[in-house]
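This briefing is intended for a reader who meets the structure for the first time. Please keep the sequence and the model in view while reading the points below.

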Amino acid sequence: MAERSDPMSKAEGGEKISGGHLVAQALKHEGVGTIFTLCGGHIIDIYDGCLDEGIKIVDVRHEQVAAHAADGYARVTGTPGCAVVTAGPGTTDAITGIANAFRAESPLLMIGGQGALSQHKMGSLQDLPHVDILRPITKFSATVPATERIADLISMAFRECFHGAPGPSYLEIPRDILDAKVDVSKVRIPQPGRYRASIKSIGDPADIEALADILVHAKRPCVLLGTQVWTCRGTDAAINFVKTLNIPAFMNGAGRGTLPPGDPHHFQQTRRYAFDKADVIVIVGTPFDFRMGYGRRLREDATVVQIDMDYRTVGKNRDVSLGLVGDVGAILGAVTQASSGRLNHGGNAREPWLEELRAEEDRLQSDRVARLTSDRQPIHPLRLCYEINEFLHEESVYIGDGGDIVTFSGGVVQPKSPGHWMDPGPLGTLGVGLPFAMACKLAQPQKEVVCLFGDGAFTLTGWDFETMVRFNLPFVGIVGNNSAWNQIRFGQLAKYGRGRGEVGNKLGDVAFDRFATMLGGYGEEVRDPKDIRPALQRARASGKPSLINVWIDPEAYAPGTMNQTMYR
Ligand SMILES: Cc1ncc(C[n+]2csc(CCOP(=O)(O)OP(=O)(O)O)c2C)c(N)n1
Ligand SMILES: [Mg+2]
């Protein structure tokens, strides 16, 4: 343990505290136990404060990783993540991570360095207009004008993180403001639990009754449980809602795993079928964005109900019959209560609807069994996904980071419990996998982390595999290696044909297994499908960060890629 630097020196004028120590206190008061960072002269006093407050400092090799890890940490813990980066390039490097968290509604605070206020606009080292750059992709972006205000502005930034649907905040601290020591008596240090209120609102109680009415009378309802079910930790409320009302449920994003595979209300393959035939469709915590065809894939004459944490999401791109804004778990709980006792035999009357969907689900599954278990070489991506799904257990968090290979996995891999699925979200950022694995393993070491990478995606943040080794964070990494940016390659080939369509989308044959061993991890390569599972098991048993390099067929493409659904 480092020696204390005596931040509270008793100079004349009373007890003093430095800016970096105020940062650390404010973080601790919010419950932030870990910061993700890459060092720079502008921010070092924050590290000194963290040492005194017992906040873990995880130092990475690229600021994008710090920001993605803070995003991942927030998703896993339900408390905000924190990235601390230096001025200029440290801040711009982190921007992709902030942008990803912004689109994914993930609460984190990024603290960035800045040249001294006394040198404002003089051309100081690494000076940039960070606050302006960050403003459009954060919920709050500000500079700290005085040391006394540091803890206060941090509490403000955290409050803003939880305004509506969560998101990132940014705070810039000039170097002289951070380094200065001020009288403790002149400083406001907001105390834990006393500077922001609960946002668990159910919205308008009349709308709860209205939705209960709709559901009690629905004959063929279905529900889509999206990411915010997890954000609100509304899993139990969602399960109770689905079971009490006897409604088939589809899950996406972090909502996956709300119901376990095999549950009678869990459906995966028949979403389109159900949306086409349902009389009532309840969309929970999922925007009508490209993933939902902007709402156009929902039948015009269906009763569509949208529940969301963000007022701006409800009714966007498609009219709704009823919209509810608030904590989606609290709303589902209130609706269940308002409908129970009024359902009579309505729930049972839905049995034929559930049976119809189940029959269709089974039909679609048996149609693809042969491809899932195909022994052919080169390995079909579906076989790899099938093996990963079989390999996961209750406590395995699955992370997908790649293009086509991850699209394949979306239809095959099913997390066994809530909070065990991570994807970048609607920004579609390649490179989130390793930082998410890092955050996940740090926040909950007892869980297993299984991460599937595209060979392209891995390389965007892959050097932080070394950080996983340095911090002893074992995980099972799998690279679906097709030596190409295949998801994009397909569209190019389809549009321009062989030759012109092969520009800018091919990669070298990289031995990721050897990359892993070079850095002190575990690695193996696989070419035969029957070797996949044993290799995964050896990676698990190694107790090290690992990469299983699986050579997959570069000529196989996911149906979503072939339809280019993401651009429609
Ligand atoms: C940071 C970033 N750059 C570019 C893209 C565009 N993009 C989407 S999928 C994809 C190909 C990904 O290749 P890989 O990870 O190898 O997976 P594959 O499609 O080959 O299975 C690309 C380049 C993106 N989504 N994010
Ligand atoms: Mg690839």
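The buried residues of helix H6 pack against helices H1 (19–30) and H7 (175–179) and against strands S5 (108–114), S6 (140–143) and S7 (169–174). The model is a predicted one.

**Helix H6 and its surroundings**

- Helix H6 comprises 12 residues, 150–161, and extends 17 Å from its first C-alpha to its last, close to the 16 Å expected at 1.5 Å a residue.
- Most of H6 is covered, with 9 of its 12 residues buried.
- Among the buried residues of H6 are Ile-150, Leu-153, Ile-154, Phe-158 and Cys-161.
- Asp-152 also belongs to helix H6, and its relative accessibility of 10% means that it counts as buried.
- Not counting residues up to four places away in sequence, Asp-152 touches Arg-188 and Pro-190.

**The packing of H1 and H6**

- Two packed helices are described by the angle between their axes and by the distance between those axes.
- For H1 and H6 the angle is about 35° and the axes are 8 Å apart.
- The crossing of these two helices, H1 and H6, is right-handed.

- Strands S5 and S7 are paired in the parallel sense over 6 bridges.
- Within that region, Ile-111 has Leu-171 in S7 as its bridge partner.

**Helix H3 and the residue that follows**

- Helix H3 (residues 63–77) contains 15 residues and reaches 21 Å from its first C-alpha to its last, close to the 21 Å expected at 1.5 Å a residue.
- Because 14 of its 15 residues are buried, H3 is largely enclosed by the rest of the structure.
- Just after H3 comes Gly-78, which takes a positive phi of about 80°.

- Asn-100 is located in helix H4, and it is buried, with a relative accessible area of 0%.
- Leaving aside neighbours within four places in sequence, Asn-100 is in contact with residues including His-68, Asp-71, Arg-75, Pro-424 and Phe-436.
- Asn-100 and Gly-78 are separated by 22 residues in sequence and by 17 Å in space, C-alpha to C-alpha.
- Ser-106 is found in the loop between H4 and S5, and at 2% relative accessibility it counts as buried.
- Again leaving aside neighbours within four places in sequence, the contacts of Ser-106 are Asp-71, Ala-74, Arg-75, Ala-101, Pro-166, Gly-167 and Pro-168.

**Strands S12 and S13**

- Strand S12 (residues 303–308) pairs with S13 in the parallel sense over 4 bridges.
- Opposite Asp-308 stands Val-325 in S13.
- In a regular strand the side chains alternate between the two faces of the sheet.
- In strand S13 (residues 322–325), Leu-322 and Leu-324 form a covered face, whereas Gly-323 and Val-325 form an uncovered one.

**The magnesium site**

- The magnesium ion (ligand 2) has Asp-455 (OD), Asn-482 (OD1) and Ala-484 (O) as its protein donors, at 2.0 to 2.1 Å.
- The donor residues of this ion follow the sequence spacing D-x26-N-x1-A.
- Asp-455 lies in helix H18 (residues 455–461) and Ala-484 in the loop between strand S17 (475–481) and helix H20 (486–496), so the pair ties together parts that are 29 residues apart in sequence.
- Asp-455 and Ala-484 are both buried.

Notes: Residues are numbered from 1 along each chain as its sequence is written. Chains are lettered from A and ligands numbered from 1 in the order in which they are written. This is a predicted model: local features need pLDDT of at least 70, side-chain atom pairs count only at pLDDT 80 or more; totals for chains, interfaces and linings use all residues. Side-chain values use heavy atoms; hydrogens and water are left out. Donors are N, O and S atoms within 2.8 Å of the metal (3.2 Å for Na, K and Ca); water is not among the atoms, so sites may look incomplete. Buried means under 20% relative accessible area, exposed over 50%, partly exposed in between (1.4 Å probe, protein chains only). The expected span of a helix is 1.5 Å times one less than its number of residues. Contact means heavy atoms within 4.5 Å. Two strands pair if DSSP finds at least two bridges between them. Axes are lines fitted to C-alpha atoms, for helices over the stretch in contact, and angles run from 0 to 180 degrees between N-to-C directions. A crossing is left-handed if the near helix is turned anticlockwise from the far one by less than a right angle, and right-handed if clockwise.
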